[in-house]
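Open the structure in your viewer and keep the selection tool at hand.

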Amino acid sequence: MQALDTAQLIALAGALGWASGVRLYLVVLLTGLAGFMGWLELPQGLRLLAHPVVLGASGFMVFVEFFADKIPGLDSLWDVVHTVIRIPAGAALAAGVFGADSGAMGLVAALMGGTLAATSHAAKATSRAAINTSPEPFTNIGTSLVEDSLVPAGLWLAIAHPFVFIPLLVMVLVLSVWLIRLCWRFLTQLFARVARIFSGRPDPGLAPAFTLKSPFLKNDPHV
C-alpha cells in the first residue's frame with residue numbers, strides 16, 4: 001500500500017477540492033475505492049470514504065449524476081442544487097487530507113479546497129448553462145464526458161506526479177476564471193434579451209458565447 005509524501009498530500013488536497021466542484025460523488029467513490037482496494041493509504045481524515053456503506057451510496061449517486069448531467073436543462077438544475085453541496089464538500093475533503101494530523105494545515109486545506117471547488121463549480125455551471133442555449137444535445141453530452149474523464153485523470157496525476165499536477169492546476173484555475181467571465185457575460189446578455197422580447201422592445205440579437213476568429217481577417221476597410 002502506497003504511503004503519501006508531503007507533495008502528494010498537498011496535490012491530493014488540491015485535486016479533491018477542484019474535482020469536487022465538477023464531480024463530487026465520483027471523487028468520493030474513486031478515493032474510497034483506492035483505500036478499500038489497498039491501492040493507496042488514505043489519510044486518517046479520509047478513511048471513512050472506504051467504508052462499504054459510503055462506497056455504495058457514492059456509487060449510486062455517480063450512476064444518477066452520470067445521466068442527469070447529460071440531459072440539457074436538467075444538468076443546469078443539478079448544478080444549481082449542488083451549489084450548496086459541492087463547495088463545502090470540497091473544503092471538507094481537502095481538510096481531511098491534513099485534518100487528523102495538523103489543525104492549522106487542515107484549516108488551510110479547507111480554505112484551499114473550498115475555493116477550488118467554488119471556482120471549478122462556477123466554471124462548470126456557467127459554461128454548461130451557456131452550452132444549453134444551443135438546440136443540439138451533442139455538445140452537452142460531449143462536455144459531460146470530458147468532465148467524467150478529467151476527474152479520475154486529475155486524481156491519478158496528483159498522486160503519481162504531484163509536481164506536474166500542481167502547475168497544471170494553476171493553469172486550469174486561470175482558464176476557469178476566464179471561462180466564468182466569458183459565460184457569465186453571455187448569460188447576462190441572454191437574460192437581457194429575453195427581458196427585451198417580453199417587454200416588446202427591439203431585439204438586436206445575441207452574439208454567440210464562443211466564437212473563432214480567423215487571423216487572416218483584417219479590420220482595415222481599405223484592405
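What follows is a list of selections, with a note on each.

The model is predicted, so to speak of local features a pLDDT of at least 70 is needed, side-chain atom pairs count only at pLDDT 80 or more, and totals for chains, interfaces and linings use all residues. Residues are numbered from 1 along each chain as its sequence is written, and side-chain values use heavy atoms, with hydrogens and water left out.

**Stop 1.** Select Trp18, Leu150, Val172, Leu175 and Ser176. Of the 22 residues that line the largest pocket, these lie nearest its centre. A pocket here is an open set of points on a 1 Å grid over the protein atoms alone, where a 1.4 Å probe fits, with protein on both sides within 12 Å along at least five of seven lines; lining residues have an atom within 4 Å of a point. The volume is about 580 Å³, meaning the space filled by probe spheres set on the points, which are joined across faces, edges and corners.

**Stop 2.** Colour helix 7 (162-199). Helix 7 gives the most to this lining, eight residues.

**Stop 3**

**Stop 4.** Select Leu48, in the loop between helix 1 and helix 2 (52-68); helices are DSSP runs (H or I, at least four residues), numbered from the N terminus. Is Leu48 buried or exposed? Leu48 counts as exposed because its relative accessibility is 59%, and exposed means over 50% (1.4 Å probe, protein chains only), buried under 20%, partly exposed in between.

Methods: Helices (H or I, at least four residues) and strands (E, at least two) are DSSP runs, numbered from the N terminus.
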